[in-house]
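Visitor: Could you take me through this model and say, for each label you use, what it rests on?

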Amino acid sequence: MPTPEESPAVADGGVRINALNGAASSPTRALSAPLSAEISAALQASPRGEVQVKSVDLSLPLLEKNDILAERNRGYFLGRGLLALNIVSSPGAGKTTLLERTLDEFGKEVRCAVLVGDLETDNDGRRLNRPHAAVAQITTGTVCHLDAGMIARAAESIDLDGARVLFIENVGNLVCPASFDLGEQIRVVLLSTTEGEDKPLKYPPIFKSAHLVLLTKVDVADALGFDRRVAVENIRRIAPQAEIIELSSRSGEGLASWYDYLRARLPRRR
Ligand SMILES: Nc1nc2c(ncn2[C@@H]2O[C@H](COP(=O)(O)OP(=O)(O)OP(=O)(O)O)[C@@H](O)[C@H]2O)c(=O)[nH]1
Ligand SMILES: [Mg+2]
């Protein structure tokens, strides 16, 4: 039996983090260190876990604990020159398949790391395990989304040196992840042809929060009678702010545009 110190998995309230590849040699606790005494005390005193961070005349919004941790993550990622993407979709829309192919192609040119969340199993973490990319699996137990605290601990568990892109594959769910900022710079929402053209209309919050919408599995659109034009119209109606790329991880259609999108957003090297 490994002692808790030897075990790569970190348990906390049912959430487990397992660095499958590229484990950090000495986790720094740079991200998951306790919040300042002042903020912790204010969060504890607040029945809804909120803190008013500044003076009234600035009318700053109330920040919830997740937002505070997400801002810390964002600063950390930016400070390291890392492009962090939060990849969300309903179950089975093709997140892991896209990341597998992205690691095999784009990942050979630009060093990437992956954090992947699921309620149970490390199947996706294993699928994404490559010698050239650090990967950690987060199993959330009953929680239907990742949060900024989980990301902080998982990011510390792997060696991010040299990485320029951090892909975060969220738990497959089109509702819960919408309200949890992870500290990403880019939120990517997948809509697959197997789900139907109307999903942006039925689940608007997640699409409204997207920087990029990927219409996936276009190789089977015709066979399914899926109307790509209608789907794109629905996305534009709900999420006019988002860029849209139509792609297939199977045929390779559209992947060059996805890689160009990533390349164009890489932070400058420090
Ligand atoms: N035809 C086709 N099938 C695809 C494509 N991408 C993924 N699939 C299939 O869709 C199924 C689900 O793909 P995953 O990549 O596991 O989906 P996911 O979004 O990671 O699923 P969860 O992590 O469970 O939410 C698998 O059977 C894939 O082979 C694609 O571009 N075309
Ligand atoms: Mg997956």
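Guide: Let us begin with K217, which sits in the loop between β10 (212–216) and α9 (221–224), helices (H or I, at least four residues) and strands (E, at least two) being DSSP runs numbered from the N terminus. This is a predicted model, in which local features need pLDDT of at least 70 and side-chain atom pairs count only at pLDDT 80 or more, while totals for chains, interfaces and linings use all residues. Residues are numbered from 1 along each chain as its sequence is written, and chains are lettered from A and ligands numbered from 1 in the order in which they are written.

Visitor: Why is K217 called buried?

Guide: A residue is buried if 20 or more other C-beta atoms, placed from the backbone, lie within 10 Å of its own, exposed if 12 or fewer, and partly exposed in between. K217 has 25 other C-beta atoms within 10 Å and is therefore buried. Its phi is near 60 degrees, a positive value in a residue other than glycine, whereas most residues other than glycine have a negative phi.

Visitor: What makes T121 count as exposed?

Guide: T121 has 10 C-beta neighbours inside 10 Å, so it counts as exposed. T121 lies in the loop between β6 (112–118) and α5 (123–128), and has a positive phi of about 75 degrees although it is not a glycine.

Visitor: How do you know that the length of helix α2 agrees with its number of residues?

Guide: The expected span is 1.5 Å times one less than the number of residues; the 15 residues of α2 (residues 65–79) should therefore span 21 Å, and the end C-alpha atoms are 21 Å apart, which agrees.

Visitor: Why are the buried residues of α2 said to be on the same side?

Guide: The buried residues of α2 are L69, A70, N73 and F77. They cover an arc of only 105 degrees around the axis, taken from the directions from the helix axis to the C-beta atoms, and so they lie on the same side of α2. On the other side, G75 and G79 are exposed.

Visitor: What do the buried residues of α2 pack against?

Guide: They pack against β5 (83–88), α6 (148–157) and β8 (165–169), two residues being in contact if their C-beta atoms, placed from the backbone, lie within 7 Å. In the contact with α6, N66, L69, A70 and N73 of α2 meet A148, G149, I151 and A152.
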